[in-house]
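Please open the model in a viewer and keep the selection panel at hand.

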Amino acid sequence: MLTMISKRLMFAIPSLIGVVIVTFLLTRALPGDPAAYFAGPAASKEAIEQIRKKLGLDKPLIEQFFRYTSDLAHGDFGNSLTTGQPVATEIRNRLPASAELTLLGLVVSVMIAIPLGVLAATRPGSWIDHLCRVTTTAGVSLPVFFTGLVLVYVFYFRLGWSPAPLGRLDVFYSAPPHVTGFYLIDALIARDFETFRSALSQLILPASTLAVFSLAPIARMTRASMLAVLASDFVRTARASGLSPSTVIVTYAFRNAMLPVITTLSMVFSFLLGANVLVEKVFAWPGIGSYAVEALISSDFAPVQGFVLTMAVMYVLLNLIIDILYGVIDPRVRLEG
Amino acid sequence: MKRRDFLKSVSGLAAAGAVTPAPAIWSAAKADARSETLLIVSESGPNNLDIHGVGTNVPGYEVSWNCYDRLISHEMKSGPGGVPYYDRDKFKPELAEDMNVGEMSVTFKLKKNAKFHDGAPVTARDVKWSLDRAVSVGGFPTFQMGAGSLTKTEQFVVVDDNTVRIDFAKKDRLTIPDLAVIVPCIVNSELVKKSATEKDPWGLEYTKQQTAGSGAYKVTKWTAGTEVVMERNDAWVGGPLPKVKRIVWRMVPQAGNRRALLERGDADISYDLPNKDFVELKDNGKLNIVSVPYSNGVQYIGMNVKIAPFDNPKVREAVACAIPYQKIMDAVLFGLAKPMFGAAADKATEVAWPQPTKYVTDIAKAKALLAEAGHPNGFETTLSFDLGFAGVNEPLCVLVQESLAQIGIKTTIDKIPGANWRTELNKKVLPLYTNVFSGWLDYPEYFFIWCYDGKNSIFNTMSYQSKAMDEFIHGAVDAAAVGNAAKYDTDVKGFVDLAFKDIPRIPLYQPYVNVAMQKNVSGYQYWFHRRLDYRTLVKA
């Protein structure tokens with residue numbers, strides 16, 4: 001197992017180097033001149049040149065690249081110009097916000113989608129199958145942005161059930177002491193239930209928005225792979241042997257149908273981190289998606305590079321975890337060490 | 001379930017929602033905090049708490065304004081619609097207790113009890129260090145100081161512990177007003193010097209993250225891109241103690257949500273909403289809406305006079321006659337702007353800026369002018385705008401495009417991303433575009449130096465150069481410096497007339513600053529920088 005993990009990590013190194021080079025070149029190819037942007041509305045040519053010098057943008061590209069990589073090697077992602085903070089700190093502070101939201105969205109989605117998919121597969125053509133089809137189609141065809149706004153309009157503006165969409169906590173609460181960066185967990189650790197409730201109530205709408213969006217792939221994949229498994233010989237044998245339907249479905253069919261679902265889950269998760277960008281905008285969520293977009297708009301190189309690099313690392317880790325999970329679920333696909 | 005039953009149950013649900021009050025999630029202590037706290041929501045927040053920093057953005061200016069003091073500030077007068085409006089010509093002391101203007105210098109006595117947030121007294125050395133800093137750091141602050149002929153550190157002289165003298169480099173009417181803008185703020189020099197390094201002699205890294213001033217508020221928490229929390233400085237001597245104890249400024253990127261927060265009563269103030277929202281909020285009367293025209297600001301259509309066919313004044317006049325002025329006012333701005341067109345034909349030019357042109361939409365005349373200029377069938381060109389302000393610019397450009405098509409000018413609309421806009425503008429290659437310019441210092445000649453002068457600054461986006469224009473502008477500057485009112489008036493009228501005759505840029509309207517606040521919030525004042533001054537706000 002350990003050799004496998006280290007081997008996999010070794011393989012990830014070339015792709016990370018590629019990511020570093022590509023993001024560096026891509027951000028340089030962005031239109032717009034950060035020096036002119038940050039020199040302010042009233043800058044003269046000389047002022048812009050001064051800023052360019054300060055930012056080190058007057059150096060040749062290759063020199064900029066070497067400086068960038070040597071900084072990276074020291075764990076320095078550079079400084080964001082739009083927020084004025086070191087990129088590494090910002091990502092460290094913002095990643096938990098995005099991750100908490102995405103994970104909760106995914107959990108909600110899984111809790112609805114998997115039972116829905118299983119039920120739809122066991123009763124194809126029934127009302128529950130149609131319900132599954134309608135909800136997933138509707139969910140995936142509504143842009144997250146739109147769903148988010150509708151939810152805010154209905155549950156905050158009209159009904160007033162939900163708190164103001166002002167980010168992770170109400171204005172008058174302060175964040176729980178930092179342990180994991182996940183407010184729900186940190187609040188529980190601090191035994192601060194009022195903060196927990198506040199954080200949770202802020203999370204419900206954005207997490208539901210993400211859940212609605214990600215229902216479709218998970219439910220459809222569960223249904224399809226369950227259908228395939230239910231039609232296979234070993235399920236027929238199990239049924240013929242007189243096992244109870246629940247044992248057949250849960251123990252035999254479902255476990256075998258899990259593999260493609262897990263693959264989909266990993267895809268959906270990375271996909272959700274991307275979809276987050278819009279949800280974060282709607283709910284003023286201080287995550288990394290909105291951070292990267294802001295940076296992109298103002299051609300602020302460092303955060304964009306930092307963001308892409310972080311995402312690349314996360315993908316590598318995610319894929320590794322999924323591969324390990326495969327082995328746990330189905331011993332047949334255990335990877336070679 | 002039948003459809004009717006379904007509807008019934010849904011409406012039952014909605015009704016239940018209407019009677020259930022919003023969850024009371026704060027305890028009594030929190031309710032108290034709420035009444036002493038002002039919640040501001042806006043689209044974007046500061047990237048630096050110090051206006052002297054590299055690339056500090058406009059929201060950062062708001063922090064500086066409220067957390068630092070200047071030697072002097074402006075008095076208030078009653079402005080348009082009765083809104084308190086800064087008085088360009090009347091100054092009041094802030095950190096200084098006395099200002100003594102001499103022939104070639106001005107002397108300030110500092111208030112003896114003035115203290116920085118950390119308790120250190122404000123001394124003349126702090127003032128000198130801060131002003132030295134402003135003229136030395138480069139970029140925008142140095143540039144702004146230069147606008148008032150404040151360029152050298154030798155100009156700032158410490159007379160004694162409580163007295164500072166500023167020597168004039170030359171006679172310039174803008175020197176004193178330039179000391180009351182945001183840039184010449186007084187910084188706690190002893191505190192900041194501790195964090196200064198060889199690479200960063202002015203301690204910009206330190207003041208970027210925290211405020212080191214003597215102002216009415218101090219930043220206690222700043223999460224970039226999320227929120228700024230400011231507490232009142234109870235020892236402030238710059239003016240009457242502010243009423244609001246705590247300011248929480250949250251960034252809410254979604255305009256619709258900012259409106260929802262206001263309408264639900266959760267946010268107290270917001271000031272960057274689309275015009276349409278402001279008009280609707282104004283009509284439904286639940287909130288206080290204040291609209292004040294930008295001082296010394298104009299949105300315009302610019303034409304590059306170095307690029308054919310806009311090098312021909314007849315073509316420019318034709319375009320000016322083909323702009324759908326009133327449609328822009330109604331459909332794009334919903335009336336929330338001051339028209340800068342259609343003055344009566346016999347109206348005399350005023351000694352003021354901005355003032356309306358005499359142009360109106362007249363397609364027949366535009367066609368005739370275009371034919372006269374040798375383009376009877378029109379021509380093709382591109383019309384560019386800044387996507388950063390797409391809410392206004394995009395519909396505006398579509399209307400202009402439609403209207404120009406009627407006289408045969410075919411335009412392709414070129415949307416330029418915000419980050420790129422200034423670069424493109426600087427190159428001066430855009431043939432036709434819309435843009436807005438506004439100057440902090442509200443003097444006609446100040447506007448014209450930047451926008452029409454032959455030295456071709458970056459705001460002279462039209463590359464307009466005219467000897468006669470330069471003579472008028474410099475004549476007015478010199479006349480103002482020595483107080484020759486008659487000459488000044490002739491020259492100002494001269495440059496305004498010439499700008500309208502040669503028409504390299506077509507003024508459209510003076511934009512409004514729109515602020516929406518709860519009914520229990522009062523005390524809003526309009527400032528040249530157009531950001532909020534928390535010091536006079538009151539929450540009942």
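Select B:Pro511 and then the residues around it: leaving aside neighbours within four places in sequence, B:Pro511 is in contact with B:Tyr294, B:Gly297, B:Gln299, B:Ala337 and B:Val436. Two residues are in contact here if their C-beta atoms, placed from the backbone, lie within 7 Å. This is a predicted model, in which local features need pLDDT of at least 70 and side-chain atom pairs count only at pLDDT 80 or more, while totals for chains, interfaces and linings use all residues. Residues are numbered from 1 along each chain as its sequence is written, and chains are lettered from A and ligands numbered from 1 in the order in which they are written.

B:Pro511 lies in strand E18 (residues 505-517) of chain B; helices (H or I, at least four residues) and strands (E, at least two) are DSSP runs, numbered from the N terminus. With 22 other C-beta atoms within 10 Å, B:Pro511 is buried (20 or more such atoms count as buried, 12 or fewer as exposed, and numbers in between as partly exposed).

Next, turn to chain A and select helix H1 (residues 2-29) and helix H13 (residues 301-329), which pack at an angle of about 160° with their axes 10 Å apart. Axes are lines fitted to C-alpha atoms, for helices over the stretch in contact, and angles run from 0 to 180 degrees between N-to-C directions. H1(A) and H13(A) are therefore roughly antiparallel to each other (the term applies to angles over 145 degrees; under 35 is roughly parallel, 65 to 115 roughly perpendicular and the rest oblique). Among the residues making the contact are A:Leu16 and A:Phe24 of H1(A) and A:Val308 and A:Leu320 of H13(A).

Still in chain A, select helix H6 (residues 127-141) and helix H9 (residues 193-230), whose axes are 7 Å apart at an angle of about 140°. H6(A) and H9(A) are therefore oblique to each other. Their contact includes A:Cys132 and A:Gly139 of H6(A), together with A:Phe213 and A:Arg220 of H9(A).

Finally, display both chains: 42 residues of chain B are in contact with 46 residues of chain A. On the chain B side, the largest share, 6 residues, comes from H15(B).
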